[in-house]
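This report takes up strand pairing, a loop residue and a pocket. The sequence and the structure come before the discussion.

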Amino acid sequence: MLVASNLPKLSTGKTYEMWLIPKGGAPRPAGLFQSTDAGSAVHVLSGPVDTAALGAVAVTVEPEAGSPAPTTQPLITAIAGI
């Protein structure tokens with residue numbers, strides 16, 4: 001589950017995308033979401049996550065349909081296990 005606040009309002013055609021980044025591996029898409037007008041968001045990833053192999057979780061701004069790999073610098077990065 002990702003809970004965020006103070007997210008900027010995105011322009012038309014853009015969305016937030018969450019990424020699971022395994023230790024030593026490439027980011028894996030983990031879902032698309034939008035923020036509220038107040039800048040908050042909650043995103044729940046369904047299914048299991050191998051937390052032992054997880055290095056980080058990140059959020060980027062992507063095209064509305066999402067991307068197979070990040071195309072922008074992360075706005076949020078959380079190192080796993082901290």
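Strand E2 (residues 14–22) and strand E3 (residues 28–33) pair in the antiparallel sense over four bridges, where strands, like helices, are DSSP runs numbered from the N terminus (H or I and at least four residues for helices, E and at least two for strands), and pairing requires at least two DSSP bridges between two strands. Within this pairing Tyr-16 stands opposite Phe-33 in E3. The two strands form a hairpin with five residues between them, and Gly-24 in the turn has a positive phi of about 70°.

This is a predicted model, in which local features need pLDDT of at least 70 and side-chain atom pairs count only at pLDDT 80 or more, while totals for chains, interfaces and linings use all residues. Residues are numbered from 1 along each chain as its sequence is written, and side-chain values use heavy atoms, with hydrogens and water left out.

## Strand E5 and its partners

E2 also pairs with E5, in the antiparallel sense and over nine bridges, with Ile-21 standing opposite Ala-56 in E5. E5 pairs in turn with strand E6 (residues 76–79), again in the antiparallel sense, over four bridges, and here Ala-58 stands opposite Thr-77 in E6.

Because nine of the ten residues of E5 (residues 54–63) are buried, this strand is largely enclosed by the rest of the structure; buried means under 20% relative accessible area, exposed over 50%, and partly exposed in between, with a 1.4 Å probe and protein chains only.

## Ser-67 in the E5–E6 loop

Ser-67 lies in the loop between E5 and E6 and counts as buried, at 10% relative accessibility. The side chain of Ser-67 makes a polar contact with the side chain of Glu-62 at 2.8 Å, a polar contact being a pair of N or O atoms within 3.5 Å, where within protein one must be able to donate a hydrogen and the other to accept it, and residues adjacent in sequence count only if both atoms are side-chain atoms.

When neighbours within four places in sequence are left aside, Ser-67 is in contact (heavy atoms within 4.5 Å) with Glu-17, Trp-19, Pro-29 and Glu-62.

## The largest pocket

The lining of the largest pocket includes Met-18, Leu-20, Val-57 and Ile-76. A pocket is an open set of points on a 1 Å grid over the protein atoms alone, where a 1.4 Å probe fits and protein lies on both sides within 12 Å along at least five of seven lines; lining residues have an atom within 4 Å of a point. E2, E5 and E6 each supply at least two lining residues, and E5 gives the most, with four.
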